[in-house]
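Please look over the two chains shown here. A short report goes with them.

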Amino acid sequence: MTVTDGKDEVEDQFVQWREYVRRRPELRESDADELEDHLRETVDGLVALGLSRDEAFLVAVKRMGGLDDLSREFAREHSERLWKQLMFTGEPADPARRGSLYAMLVCALGAAVSIKVPELFGLSFADGAMFYPRNFGLFTLPWLAAFLVWRRRPATWVYGVLAAMFALGAVVANAYPLGDDSQSIGLVMSHLPLALWLLVGLAYVSDDLRASRRRMDFIRFTGEWFVYLVLMMLGGGVLIAFLYGIFDAIGVSADDLIENWVVPCGLVAATVVGGWLVEVKQGVIENIAPVLTRLFTPLFTVALLAYLAVIGWNGSGIDVDRDALVMFDLLLAVVLGLLLYSLSARDPQAPRGPFDVMQLALVVAALLIDALVLYTMAGRIAEYGTTPNNTTAIGQNIVLLVNLTWSAWLLFGFVRRRAGFAAIERWQTLYLPVYAVWFWTVVLVLPPVFGFR
Amino acid sequence: MKVTKDLVAASATPIVLGILAEGESYGYAILRRINELSGGELDWTEGFLYPLLHRLERLGHVEASWQAVAGERRRKYYRITPQGLAELAEQRRQWQTVVDALTQVWPLLIPQEGTA
């Protein structure tokens, strides 16, 4: 037997072992602690009997048995964990989790307070008109970004950039002379939240800016956050229905309370709480967005192929007005979303399957439809000239088209076994800054270019 | 000799409560104690013991506390509660009935029981 200490090696193995345990949804942090303590005791006992540390580690792990069996036993006792509704039964002894709970509460409260502050200056929801829709993202997303930055502790310059960009967003929303029924105000209202969301993304990846995996995590985060938000809004709807009902029953009208306090404060706070839920409960609902994707990819594929078949059969062109173009933009966005979320959940090592082919079909069908739309649209622009809206719609279309075309090419290579899966993932994560640049261009540059029309 | 699964399952709660009645303890030590008590015949797995401890905790028969040990490790100690002691007494009464019945039916097979 060689006399090596092997202490560090064994420590690495402990870390790895913990990683495996962490991936089990049935096993909580505290279970991992308990089992690790057990494992270490066993190792110490075996070392005392004369084994070397790494031999002892192997024997101890073997003795503990497969994690599959172990977590099945745990799952049987803790079946409630499979429902994963454990947020308020969190381990009290875990200071990190506690801290993030408080940080979340502070940020959510901040968001709720910030949306009521303008009222002190006489801007009520009723007569503030466009003020609230214009600024909506600014009441919530900076707080969510603050929460994420609090968790990530990035380099100092990141704080500066985030603060400056949010300030810039505030300037655009309020200082641009936008008429209430101009097209530009519509663009700012629809694109500023998206532009700000990518700042949240910057906050999210701020601890490791270049890592592709980190950006993919942000894509996942976005999907999960959205799912949580929708769930919370459903719950909030139920709460509000009851509030109306029970106050009505005692002859008190709760309308004012609900419209001016519960709805706005609840909504902005929910965006922060949603972010916290995704952060703290990673691995909890993280299967929902991919499951939805799996369900809807075949349906969308069939629908789009049917649409193409009908166009081919009738020989009819697509009647494109601006609304239709926006709709086709959204269609591309949905197709991209379906692609992204199935990528995000895919095991990079998994072999190619029929699902990959279906995805390719989906993307290609969407591209064909979009080519038809753009063809018709080009004529229209020549006829009527450019407006802020159709410029944005076309630009958006091009941004998505470039992404999907190259994705289709990469998927094709993947299905034909020419290229690896990682290339597709890398392409999507590399493309994220393009969206940021585009959204900020729409918000910052287009309104002045078109004279705030 | 191997003790059957059913018997292990039936005896698990009284054994664990009995060990904890001797004083507070933690998972690894409890397993060692069981091994020692049964001369190595009762070989429980971790996948059996820890969920059982968690169940007893949920039922209120034991209570747990985390204590720091060497380095960053923390260890979960279990202590029996008054309710657990009552449960132990009840289990003991039931087991006594079973053992009494068995000793009468099998007087020749387990002669040493009388003197032990």
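The report covers chain A, then the interface, then the sheet of chain B.

This is a predicted model, where local features need pLDDT of at least 70, side-chain atom pairs count only at pLDDT 80 or more, and totals for chains, interfaces and linings use all residues. Residues are numbered from 1 along each chain as its sequence is written, while chains are lettered from A and ligands numbered from 1 in the order in which they are written.

Chain A has 16 helices and zero strands. Helices (H or I, at least four residues) and strands (E, at least two) are DSSP runs, numbered from the N terminus. Of the 453 residues in chain A, 31% are buried (20 or more other C-beta atoms within 10 Å of the residue's own, with C-beta atoms placed from the backbone).

In the interface, 18 residues of chain A are in contact with 15 residues of chain B. Contact puts the C-beta atoms, placed from the backbone, within 7 Å. H2(A) gives the largest share of chain A's side, eight residues. Helices H2 (29–48) and H4 (67–77) of chain A each supply at least two residues.

Chain B holds an open sheet of three strands, with order E1-E3-E2 and antiparallel pairing. Strands pair if DSSP finds at least two bridges between them.

| Strand of chain B | Residues |
|---|---|
| E1(B) | residues 25–26 |
| E2(B) | residues 62–68 |
| E3(B) | residues 74–80 |

E1(B) and E2(B) are the edge strands, each pairing on one side only. Seven bridges join E2(B) and E3(B). Among the residues, Trp66(B) has Lys76(B) in E3(B) as its bridge partner.

Methods. Two residues are in contact if their C-beta atoms, placed from the backbone, lie within 7 Å. A residue is buried if 20 or more other C-beta atoms lie within 10 Å of its own, exposed if 12 or fewer, and partly exposed in between; C-beta atoms are placed from the backbone.
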